[in-house]
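Please read it alongside the sequence and the coordinates.

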Amino acid sequence: YFKEIAPLPQLTLSREMAVNMSYDMKIFKGNIMGFLNFSQRLFPGWNTSGQKFVYVTALNRFLRDKIAAVHDRAERDWLVGCKKNLYAAIQNMIRLEEARVRPEDMEASDRDLSLFLEMWKYLEQLDGSIAAFRNRLRELEQPGNFEREAERAFRFHGNKAIVWNGFQFLTPIQKFVYDCFVKSGYSIYALIQDEKKYPYANEIWRHLYNESNGYPPYEDWIRFEDPDSKNPLGEIFETGEKTSAPNVKIIKYSNTIEFVEDISRIQEQGFYLYSADDYTANRMLKDYFPERYEVRNLLSYPIGQFVYTLHKMWDENMQCITLTVDGLRKCFASGWLSVHGKSSIKYTDDLERILPYFEHCYTLEEWNERLSCFSDAYDNAYDVFSQTEEETGLEKRKQRALANPLSHFGPFSIGEDRIREVIDLIGQLIRMAKELFASNEPVSIQQHMSKLDALLYFRDGMPQDLYREEKEKIKQIFLALENDQVKDFMCYPGDLA
């Protein structure tokens, strides 16, 4: 039976599944695609990074105006809290649009929902993207239109049939595409793992693929099972009995680090990893082992961390530039700062020795005050114990080594030149933040990104290869924001941050 369905186009739940299937079985190559990739072909520009960026910045501005008009402290705090959760609200709006729900279909039963609907209606009028998506849904409901798109994406070779792989449930947009295939005359094979001997372990399939949802009865499913085979996970979760399958072990980890550190051993010993919460497990593994996944997130690169941390220096509530100890660490470790031809990476140890002196500093004013105190302490306390280097001899060397009790502790254990260079690097970072955010006036995304691009130039002490590779990666940000609708969009620096 595999020979019958293998030549058919394959639509998978995720891009990773498509990559792995085509790698394991060459017959799929060139005719397999993840659902997200296919939906982006059907709905160009919908649910993209650029679109969501526009929505976030627009709603930030919308809520900023509301906050400015409010005098009640409690309501203001509520609006500020809403402002911090815009991304989740936008994701819900997109999902509801895909389910063909409209703002007028919902009742504003409380102030949270009322604000949500108000923001949704604001986005309806913003740039035409929601209206365009609704029109596109209507277009694709016409079998001829959908069939043309499907034929562009896959090679059907005259056989109107496709295999869906791994869809445990269908989101609204997945259900819409499924229905479009059916209306356009395609046969769909939903390829799933379901074994009669483990009915409860595979129960999720029967909730989706049942007769009430328009699927064939359970008794009519096409099955291929080996009655003698045992699924270790099915044995464990279905019966609760000890399994006879070899090399099965259930591990409960105390914390994330313990889990991550055990991954190498698991792989080296040839085990597979099963987690009841695969999304969270994979997200953690991508953060710690990005090179083992097809797509390395921009934030896993030093330049991504640097750009992210630079933008986090703007505090929207205080309306000013701020600096945190953790942010400094990330910027120094990125290597995108330099002084006297030396990368900031070479000063990370010096920074750690100095940082305790700046505990609880947050605003630039607090940092400057503490820097002034540090300079006074160095000049008026540390220098009192300094010894001249002119005299030589064993005794004098001992005196110089022991004379200054401060030289063995914290920031005073670093040479004066190194201290000045660390302070210069901190100053360099602050100047960059001021260039991006100092005016706090509305600015177009294009102007802001041009400023950012100008700041990310090659500095002495940076490896050439690192600069070229990472500058290439940062282009992902620019590509997401380069279309005409986005680049001229006006927003406050805090919204961009």
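In this predicted model, a polar atom of the T12 side chain lies 2.7 Å from the backbone oxygen of S14, a polar contact being a pair of N or O atoms within 3.5 Å in which, within protein, one must be able to donate a hydrogen and the other to accept it, while residues adjacent in sequence count only if both atoms are side-chain atoms. T12 belongs to strand β1, residues 10-12, where helices (H or I, at least four residues) and strands (E, at least two) are DSSP runs numbered from the N terminus. T12 has a relative accessible area of 0% and is therefore buried, on a scale where buried means under 20%, exposed over 50% and partly exposed in between, with a 1.4 Å probe and protein chains only.

Residues are numbered from 1 along each chain as its sequence is written. Side-chain values use heavy atoms, with hydrogens and water left out, and because the model is predicted, local features need pLDDT of at least 70 and side-chain atom pairs count only at pLDDT 80 or more, whereas totals for chains, interfaces and linings use all residues.

Two residues stand out for their backbone angles. Most residues other than glycine have a negative phi.

Aromatic rings come next. Rings of Phe, Tyr and Trp (its six-membered ring) pair if their centres lie within 6.5 Å, with planes under 30 degrees apart counted as stacked, over 60 as edge-to-face and the rest as tilted; by this rule there are 23 aromatic pairs. The ring centres of Y218 and W221 are 4.8 Å apart and their planes stand at 65 degrees, so this pair is edge-to-face. Y218 is partly exposed at 26% relative accessible area, whereas W221 is buried at 17%. One aromatic cluster includes F35, F38, W164 and Y186.

Charges also sit over rings, which is counted if NZ of Lys or CZ of Arg is within 6 Å of the ring centre and within 35 degrees of the ring normal.

| Charged residue | Ring | Distance to ring centre |
|---|---|---|
| R111 | W78 | 4.1 Å |
| K160 | Y186 | 4.8 Å |

For the spaces, a 1 Å grid over the protein atoms alone is used: a cavity is a set of points where a 1.4 Å probe fits but cannot get out, a pocket is an open set with protein on both sides within 12 Å along at least five of seven lines, and lining residues have an atom within 4 Å of a point. Grid points are joined across faces, edges and corners, and a volume is the space filled by probe spheres set on the points.

The second largest pocket holds about 810 Å³ and is lined by 26 residues, with A190, L191, I192, W221 and I222 nearest its centre. At least two lining residues come from each of α1 (2-5), α10 (172-183) and β4 (187-191).

The model has 1 cavity of 30 Å³ or more. The largest cavity has a volume of about 30 Å³, and its lining includes W46, Y55, E97 and W120. Two or more residues of this lining come from each of α6 (86-98) and α7 (111-124), with α6 giving the most, 4 residues.
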